Amino acid sequence: MLEVRNLSIEFSTRRGTVKALDRIDLSIAPGEIVGLVGESGSGKSVLSYAISGLLDRSARIASGEIRWHGAVIEPVRERRSTHAAIAQIFQNPRASLNPIMTVRRQLGDVAGRDRVLSLLENVRIDPNRADHYPFELSGGQCQRVGIALALGCEPELLIADEPTTGLDVTTEAAIMALIGDLSQRRGMATLLVTHNLALAAANCDRIAVMHAGQLVECGPAEQLAYSPMHPYAEQLLASVPQHSESADDLRTVPGLLPDLAGPLLPCRFAPRCDRHQPDCDASPLSLIARSPQHFVACRHPLC
Amino acid sequence: MFPLLRSVIKRVAFAVPTIFGVVLVSFALTRLLPGDPAVYFAGAAPTPEAIADIRKAMLLDRPLLEQFVSYVVNLLHGDLGKSLITGQPVVKDLAARMPATLELTGLSLLIALLVSIPLGVIGALRKGSLIDHAARFFSTTALSMPSFFTGLLLVFVFYYLLGLAPAPLGRIDPLGLPPPVKSGLIVIDGFLAGDYESVTDGLAHLVLPSIALALSGIGPLTRITRGAMLTVLSSDFIRAARSYDMPRWRLVYVYALRNAMLPVLTTAGFVFSFLISANVVVEKVFSWPGIGSYALQALVASDYAAVQGFVLSVALLYVLINILIDVLYGIVDVRVRLAE
Amino acid sequence: MEFAATLQDGLRRDPLTATTMAIIVIICLVAIFGPFVASHDPLATNPSIALKPPTWEHPCGTDQVGRDICTRIVYATRLDLFIALSAVGLGLIIGGLIGSLAGFFGGIVDRLAMWIVDTIMAFPLFVLAMGIVAALGNSLENIIYATAIVNVPFYARTMRAEMKQRREMGFVEAARVSGNGPFRILAVHLVPTAVPQLMIQATLTMGWAMLNAAALSFIGLGIRPPTPEWGIMVAEGASFIITGEWWVALFPGMTLVLVVLSLNLVGDGLRDVLDARERR
């Protein structure tokens with residue numbers, strides 16, 4: 001349904017050209033839930049915005065393309081010639097709603113007035129809340145309204161960008177359950193963008209790991225979460241609280257993300273990698289299939 | 001309607017310290033006159049009896065506090081003293097001339113908003129384009145033009161050179177008959193009386209002075225509109241709204257513009273104070289019979305009661321406008337109203 | 001000095017600001033040296049050449065009593081710049097003081113200071129200036145005082161915001177721990193850091209102060225004829241506009257606009273440069 005092929009995106013800024021995405025390959029099938037995982041600055045948001053068509057005008061495709069049911073689509077929504085039924089929900093749910101309009105008005109503007117109540121019912125919000133303003137709702141309720149707005153666009157693909165950041169754990173579970181349930185019932189595909197590998201492992205069919213604008217590993221959620229192949233995926237996994245015994249054990253990924261405006265090595269993780277070998281810097285590398293479903297972009301994978 | 005009334009009362013209560021400050025300043029201004037204020041208030045060629053009377057009336061022989069209390073009590077009774085030139089109570093004079101000033105200021109605020117908001121919106125939508133730079137330069141130039149000079153330039157071009165505008169001599173042709181006074185606004189009174197000649201004549205006289213005035217408000221209003229639009233357009237909820245395939249006009253003019261109007265509304269209050277200031281000089285240029293030219297006549301004749309009465313009433317008018325704007329703000333943005 | 005470097009860098013990228021800065025420098029030179037090179041006496045009347053349009057001898061024409069308008073503009077530049085500079089300087093001192101005390105000490109000092117500022121702002125400012133000059137009397141000093149007072153709120157607010165923001169930073173605490181009194185911290189450590197912001201505010205209000213002072217003399221307050229001053233000259237030319245002797249009001253008016261426009265453009269440019277620095 002969605003195919004991202006060899007996609008590179010650059011931004012021109014005052015500091016120079018930022019190579020935000022480097023030759024990304026990713027596909028999503030109907031009904032599938034895919035996790036897109038990485039630290040902030042890894043390019044996962046740029047990729048998700050490119051797919052949903054929310055990139056800035058300053059973005060430029062340096063190579064590759066995005067295909068929706070076979071047709072090429074632009075990363076800027078206003079320039080798309082074919083309509084792609086892709087909707088997005090956002091982190092910071094309250095700020096993503098118009099502060100001075102009621103829930104009813106906003107849902108009505110997107111989906112038509114007659115669908116407001118059924119949409120609210122879908123996301124399990126009391127219809128009495130329809131005439132409330134965003135500031136009168138809790139964070140979880142705002143995110144439900146955000147989901148209702150996205151559903152109002154009848155999406156085939158829902159992009160959930162850190163949908164539970166800033167929400168408490170109970171609400172997080174409820175929102176994730178809601179998304180899972182809706183995708184199942186509607187046959188809707190979901191791209192879950194998160195920095196939390198554990199959250200992705202628990203909710204997704206497949207996971208793609210990004211680092212500094214490159215896709216470093218992509219595979220079935222269980223395989224990736226239990227036996228990651230890329231050193232970065234392993235370190236990312238170790239930085240998730242559930243996997244460590246004590247606070248001392250809890251690690252962060254060492255080193256900093258490289259400056260994407262400066263010169264870059266073929267493997268952008270090389271400067272931070274403890275398995276780094278001289279041949280890593282030799283030539284551009286691409287995803288290598290380690291099994292029919294599992295790909296990794298590393299010359300010296302863990303397994 | 002009830003919560004609205006409550007919010008109005010609350011705003012008025014908030015304004016009390018400011019109103020107190022304003023009254024205190026205007027009291028101080030009447031007592032600051034060098035030498036004996038009574039001599040100043042008595043006018044050009046005062047008799048000793050007149051001075052003594054005024055001294056008594058102003059309680060100048062009493063302690064300052066008592067003078068202030070009686071000043072406030074007089075104010076509460078709507079007493080700003082008597083004008084020397086007209087021999088009338090200052091309040092009555094000001095009330096008679098207020099419609100002319102409000103007509104001019106109101107129309108110019110309208111013009112300023114009608115020009116600035118589109119300019120600011122276009123500037124924000126096409127940030128960095130030629131039209132954006134042109135709009136910014138135009139608004140800065142407008143801000144740099146003293147309105148007395150703009151007024152004169154307009155008179156020169158449209159009256160002397162082109163002959164399109166009537167002579168800058170008041171609100172209506174000196175030979176014409178004004179319509180019977182109902183609202184005090186000539187255009188509206190003309191409509192009410194079915195006197196369309198007065199309507200067109202009144203409008204023709206209004207055009208140049210209100211443009212001259214409006215120009216001084218366009219600078220700040222355009223800037224604020226542009227800045228507010230840029231902020232709103234880059235906000236999360238606009239990006240979200242983009243993702244819902246909303247038509248562009250709704251995105252820009254309903255979602256973004258309505259939110260951007262909030263800071264514009266606040267600035268409009270400040271611009272009103274700009275306009276009411278510039279109004280004084282524009283009224284002079286166009287011989288406009290409003291409260292500004294009344295104050296100027298009073299200045300020339302050292303009619304201090306009239307001058308200070310003008311200063312105080314304009315300040316109170318401005319306080320009133322700000323209260324009105326706060327209430328409007330609460331209507332547009334429910335967060336403010338419901339937070340109370 | 002870091003600010004000077006940023007400024008230099010910013011100006012190189014922004015030719016408009018550089019050009020307007022050059023205009024301001026030229027105008028200052030005219031104000032200082034102009035009277036020495038001016039060919040005519042600004043007050044000498046000559047009825048035989050009254051109301052003559054511009055010629056080589058009189059590039060801006062002559063006024064109703066035959067005075068050379070060009071010479072009068074040169075002398076007026078000196079006076080108007082003097083008024084604006086003194087008013088802004090005085091306003092900066094008073095406003096800076098009020099703002100820094102309010103921002104640094106907070107509490108009751110802040111409330112009182114803000115009440116004063118809000119009270120001034122509650123008046124349409126030109127009208128307040130009018131009232132002040134009318135009350136204090138018609139003189140040059142009183143125009144300066146009035147213009148300074150109506151500018152105070154802007155400086156006080158800028159200073160207060162800067163102080164509030166910087167008070168929270170660590171280095172104030174460090175200075176306090178090493179035994180500095182509050183006034184010393186304020187004067188040595190805090191006020192200097194707010195200078196760039198205050199200077200931009202001063203540039204932006206300088207043009208406005210000029211318009212304000214010119215408008216006061218236009219309506220007959222403060223400076224009296226025959227002293228050459230832009231507002232008075234425009235006022236004198238006003239009645240000739242209707243009869244077509246445009247040069248009497250046009251040249252002094254245009255000079256005023258040019259100076260104020262340059263000041264506003266420079267102020268904007270400086271603000272952009274500083275904003276860009278803070279964004280980094």
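Contact here means heavy atoms within 4.5 Å. With that in hand, I'll go through the interface of chain C and chain B, then the cavities. Keep in mind that this is a predicted model.

By that rule, the contact draws 50 residues from chain B and 45 from chain C. The size of an interface is often given as the accessible area lost when the parts come together. For chain B and chain C that comes to about 3,900 Å², with 81% of it on carbon and sulfur atoms.

Now the polar side of things. Between chain C and chain B there are five residue pairs in polar contact, counting pairs with both residues at pLDDT 80 or more. One salt bridge is found across the interface. Its partners are B:Arg223 and C:Asp268, and their closest N and O atoms are 2.7 Å apart.

Which helices of chain C each supply at least two residues of the side that touches chain B? They are α4 (107-121), α5 (125-136), α9 (195-218), α10 (230-241) and α11 (247-279). The largest share, 13 residues, is from α11(C). By class, that side of chain C has 35 nonpolar, six polar and four charged residues.

From chain B, α6 (130-144), α7 (147-161) and α11 (248-285) each give at least two lining residues, as do α5 and α9 of chain C. The largest share, six residues, belongs to α11(B). The lining of this largest cavity has 14 nonpolar residues, five polar and no charged.

Definitions and conventions: Residues numbered from 1 in each chain as written. Chains lettered and ligands numbered in written order. Predicted model: local features only at pLDDT ≥ 70, side-chain atom pairs only at ≥ 80, totals over all residues. Heavy atoms only, no water. Buried area = accessible area lost by both parts, 1.4 Å probe. Salt bridge = Lys/Arg side-chain N within 4 Å of Asp/Glu carboxyl O. Polar contact = N/O pair within 3.5 Å; in protein donor to acceptor, adjacent residues only side chain to side chain. Helix = DSSP H or I, 4+ residues; strand = E, 2+ residues; numbered from the N terminus. Nonpolar A, V, L, I, M, F, W, Y, C, P; charged D, E, K, R; others polar.
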